[in-house]
Amino acid sequence: MQSRQLFLIWRLLPLAGFLLVALLVGIHWGAVELSFGEIRQNLWNPSEDSQMSLILWEIRLPRVILAACVGGGLAVAGAAFQGVFRNPLADPFVIGASTGAALGATIALLCLSGSVSILSATWQIPWLILSAFLGALLVVGVVFIIAALSQTGRNAPLLTLILAGMALSSFTGALVSLIMFLNHEMLATIFNWLLGSFSGRHWDEISLVVPVILFSGGLIWLMSRPLDLLSFGDETALTLGLATGKFRVIILVAATMCTAACVAVSGVIGFLGLMAPHMTRIMLGPRHGLLIPGSCLLGAGLMVMADTLARTVIAPAEIPVGIVTAMMGCPFFLFLLISRGQQTK
Amino acid sequence: MKNLFCFRLILLSLILVQITGCDPEPAGQQFSGHDSLPQSTDRQPLPLPTSGINEADLNYAPSFPATVKDYRGQDIEIVNQPQRIISLLPSHTETLFALGAGDQMVGCTSLCNYPPETKGLKKITIANPGKISLEALVELQPDLVLTGGDYHREISEQLTRLKIPVLSFESQSLLDIKGSIRGIAAATGHADKAELLVYKIEREIQAIQDQLKPYQKKGKPLVFYQVWNQPLMTAGPTSFIGALIKLAGGENIFADVKIAYPQVSEETLILRNPDVILIPQLKEGSTDPAATLLKLSQRPGWKQMNAVKNKRVYLIEDDLISRPGPRVVQGLQKIAQALYPEAFQEQ
């Protein structure tokens, strides 16, 4: 047993190294040049007066850390969804978490813009994040209820979940579009939120959201063995002694909470939850004990890289990070097609 | 069997050719106003006034039919002085009232809130192109519809197909304002007032700039205009608001970004340290400036900005600076007062 645990850590080291490099690059590169010397100096001796220290500690560091947490969270949720649904195309948004969060955020933006001017007060931010979080949980909850109560839900629970998720996703998406349409002056604001971005997020948002991500991510990691069993199929899992219904619910709830927290703070950032588990599976194999932490590290590193690109390519202007991750998806899928094709030869 | 199939194929093709080949409207006449009415042979198009106010004639009488060239580059023919005008853009509504054509209007958008006389007009649409009901427009039987350039392209085409005269004036820059004032005046029979209005606007802008000149020796203030905070969005120099800031003697802190309303980096903003921050508000006095300043200073890194330290955060009424219309001078005045308060202290 001891040698197996050592083996586990050893295999995760390259990915941890990748994350570390990505973090360093993310802290170093940006619209404002921070040399490595300055970074080292300011990390150990943070001073209140220096502008560079301020930028580093208050703007760049929280942004990079948040990107890493959101990337890791989405990747872990994606791995969980892919394991439960036994479907390589499952991503964290498959049962409606993203559109639910979008609906919550849209309603919050509407209500807030009327009463307060378009500023962020420290009391305003939690409303937006909370509303998006609750919206995601609400929509996924409805999907669960549909799957639990319907006849097809009892016969084919996974398929029902996916189909109900698709239906509710498109309905909620239509609601969001309707709200955007009827409130033309909020159109650009809502659309910008939907595109996903880490701009303007500071330590307040991190303290709100990262505990949820860490907790639910940790819970999913604890469920690695049940996930392994579930991936064999319901019958095999049952005969091996797993209470499939109970564990499926636990894993899905944890993954949904993780996704909801990620989307609530940064908008809808696609492809990472889909890409990272697949890439990790190719590198580390399908056992979830390695896959979950591995995809967390890889997802975190990829998100930090994507955010760094998003804020440096056309500096001082920024591209929404959701666009960068979506563009990263194309070469990934091509690579996957080619590698899968070579496997079947 | 094969012969029957071929016969049916040929018959089908002939029918299709007949249907698609029919074109009741010759393409050249598509954008003309009333090609079915008899045209008088000695009609003279009204010459558009080009030089200064010397030609303003007190005994001016509008002469119709008139041909006006609009933003699309087309010559639109207006047969009679329009008495049922609908304006689909708040800036056009303001222009119409400024030219004295307010009583010739029958409808406008629900966002047209100035001058107060607009309350009496039928509000048929919200200024969202997808929400304009063609039927509601046509029901009012307009004889002229003023639209806003590319923004209303679809509705303009639909109205033109229904033979309702449409004048489309782009409304994105100061040059557009002068063009639309002149065009609207020529189309509504108030060409005498157009040059007066344009001259008045130019003179007032010049007066503001002259008032500011002695205070510009120490350099121009760095201005940051915040459109939104999460993500941080601003108005670049290529936008209308950016042009106003430049006219008011300010230097846009993101002058190197060519996008009109870009997302920008907070780090760069802190590094470049703005002298003045401008934030739009819905109505005069709808937001508390002190509360705004407090909220800004609570953002990490913003307390050290010159603008926040010196309490130079100003709220500007959104309507004045986002409508390229006759009130542009008021918007410019407000921005200039924010940028150079010492220049306006004597008044």
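Student: What percentage of the 347 residues of chain B count as buried?

Tutor: This is a predicted model, and a residue is called buried here if 20 or more other C-beta atoms lie within 10 Å of its own. By that test, the part of the 347 residues of chain B that counts as buried comes to 42%.

Student: How many helices and strands does chain B have, and into which domains is chain B divided?

Tutor: The secondary structure of chain B comes to 12 helices and 13 strands. As for the division of chain B, residues 59-201 form domain 1, and residues 218-344 form domain 2.

Student: Which element gives the most to the side of domain 1 of chain B that touches domain 2 of chain B?

Tutor: The C-alpha centres of the two domains of chain B lie 31 Å apart, and 14 residues of domain 1 are in contact with 10 residues of domain 2. On the domain 1 side, the elements that give two or more residues are helix H5 (174-188), helix H6 (191-212) and helix H2 (90-98) of chain B. Of the residues on that side, 7 are nonpolar, 5 polar and 2 charged. The element that gives the most, with 5 residues, is H2(B).

Student: Where does H9(A) bend, and by about how many degrees?

Tutor: Helix H9 of chain A runs over residues 203-222 and reaches 28 Å from its first C-alpha to its last, close to the 28 Å expected at 1.5 Å a residue. Among the buried residues of this helix are A:Val209, A:Val210 and A:Ile213. A proline, A:Pro211, follows within four residues of the bend, which is placed at A:Val209 and comes to about 35 degrees.

Terms used:
Residues numbered from 1 in each chain as written. Chains lettered and ligands numbered in written order. Predicted model: local features only at pLDDT ≥ 70, side-chain atom pairs only at ≥ 80, totals over all residues. Domains from an automatic or database assignment. Contact = placed C-beta atoms within 7 Å. Nonpolar A, V, L, I, M, F, W, Y, C, P; charged D, E, K, R; others polar. Expected span 1.5 Å × (residues − 1). Bend = angle between axes of the 7 residues up to and from the residue. Buried ≥ 20, exposed ≤ 12 C-beta atoms within 10 Å, placed from the backbone.
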